[in-house]
Amino acid sequence: MKSKHEASMLRTAVLATTALTIATPAFAGEVNVYSYRQPELIQPLIDGFQDATGHTANVVYIDKGITERLVAEGARSPADMIFTVDIARLSEAKDAGVLQTVESDLLTANIPDAMRDDDNQWFGVTTRARIVYASKDRVAEGEITTYEDLADPKWKGRICTRSGTHDYTIGLVSAVIEHNGLEATKTWLEGVKANLAKAPEGNDRAQVKSIWAGECDISLGNTYYMGAMLADPEQTEWANSVRIEFPTFADGAGTHVNVSGVAMVKGASNEAEALAFMEYLSSPEAQTIYANVVNEYPVAPGSKPSDLVASWGELTPDATDLTAIASHRAEALKLVEQVDFDSGS
């Protein structure tokens, strides 16, 4: 455990960086978390963890650069664990040597092999699918079947997407490389670029807004944004103008998915509390919170998506090991730059 002076310094730093500190009476312990996840998404999980274990969670919300920060802080880092999205960010932290191996029968039982690191240094706790948002008025149901189909000239001037260098796009391009090889992926990426309605910009919700405005007919996006848009009065009309299609890969693999995940920091001062938080996130209670509040797909055996998420259609996820997909990240970024994807069609 940290000294009282160190704990006080941490709490001051948390407040100074607009972090969320759970202030409760003296509990058994505390865990210090660096998180990419937005406060409104994980607050119910923080509350549930605290109620279930009696521990306090001190969370610092960081927009980017968690790995770089951990490397810079070294042994002085106050962080016990990280809570982030995207396999690339988890792999980056592992490759930087800032994580440690965690042995837990509970995590092994609750999290499928493909959703956790071979060395047990990171664990996926939910999945999100990278799907197609399609105009209800201008795209027929079943017209989109594969990711490869997005390069078909029939979609010329009809596709919107965010930047090719964004982690979500790089993740999908990495998956295409894993399934089809480097050269075929370059040809595919050139085809998708040729079909863009405009140069990539904005986030996933902005692409749906463009469909609603008639600027394009289909876009790439993560599933949970549908739930976020439906919950926002200003964006409900955008959401209602599209439906979700679940493309698969032409080789028979399912829909590309990514994860939100957790990992324990090397040298963590509060290992027991960090492990308790990680195990809680894989529990039926936390998985239900994820499903109903965050609109993501739970990973624990027997867990089910929320009724809202289930209403979007049946997801058959690509079972390819996420570590294999993440290994192509550098190649994917190079391809995006080679074809000058972000310049538009």
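Partly exposed means a relative accessible area between the buried limit of under 20% and the exposed limit of over 50%. Keep that scale in hand for this tour of a predicted model.

**Stop 1**

Select lysine 198. Its relative accessible area is 25%, so lysine 198 is partly exposed.

**Stop 2: an aspartate and a lysine**

Go to aspartate 149 and show its side chain. It meets the side chain of lysine 154 in a salt bridge, at 3.7 Å from N to O. Is aspartate 149 buried or exposed? Aspartate 149 is buried, because its relative accessible area is 12% and the limit for buried is under 20%. Lysine 154 has a relative accessible area of 38%, so lysine 154 is partly exposed.

**Stop 3**

Select aspartate 167 and arginine 89. Their side chains meet in a salt bridge, 3.0 Å from N to O. Colour helix 6 (residues 167–180) and helix 4 (residues 87–95) to see what is linked: aspartate 167 belongs to helix 6 and arginine 89 to helix 4. The two residues are 78 residues apart, and the pair links distant parts of the chain. Both aspartate 167 and arginine 89 are buried.

Salt bridges with shared partners join Arg89, Asp167 and Arg329 into one network.

**Stop 3: arginines over rings**

Stay with arginine 89 and show tyrosine 36. Arginine 89 lies over the face of tyrosine 36, 4.3 Å from the ring centre. Then pick arginine 69 and tyrosine 34. Here arginine 69 lies over the face of tyrosine 34, at 4.7 Å from the ring centre.

**Stop 4: the aromatic pairs**

Turn to the rings. How many aromatic pairs does a search of the whole structure find? It finds five. Select phenylalanine 49 and phenylalanine 277 for one of them. Their ring centres are 4.4 Å apart and their planes stand at 25°, so this pair is stacked. Phenylalanine 49 sits in helix 2 (residues 39–53) and phenylalanine 277 in helix 11 (residues 271–281), so the pair ties together parts 228 residues apart in sequence. Phenylalanine 49 has 0% relative accessibility, so it counts as buried. Phenylalanine 277 is buried as well, with a relative accessible area of 0%.

Tyrosine 280 is buried, and so is phenylalanine 49.

Ring pairs link Phe49, Phe83, Phe277 and Tyr280 into a cluster.

**Stop 5: helix 12**

Finish at helix 12, residues 284–294. Which of its residues are buried? Select Ala286, Gln287, Ile289, Tyr290, Ala291 and Val294 to see them. An α-helix has 3.6 residues a turn, so residues three or four places apart point the same way. Step just past the end of helix 12 to asparagine 295, which takes a positive phi of about 60°.

Terms used: Residues numbered from 1 in each chain as written. Predicted model: local features only at pLDDT ≥ 70, side-chain atom pairs only at ≥ 80, totals over all residues. Heavy atoms only, no water. Phe/Tyr/Trp six-rings, centres within 6.5 Å; stacked < 30°, edge-to-face > 60°. Helix = DSSP H or I, 4+ residues; strand = E, 2+ residues; numbered from the N terminus. Buried < 20%, exposed > 50% of the residue type's maximum accessible area, 1.4 Å probe, protein only. Lys NZ or Arg CZ within 6 Å of the ring centre and 35° of its normal. Salt bridge = Lys/Arg side-chain N within 4 Å of Asp/Glu carboxyl O.
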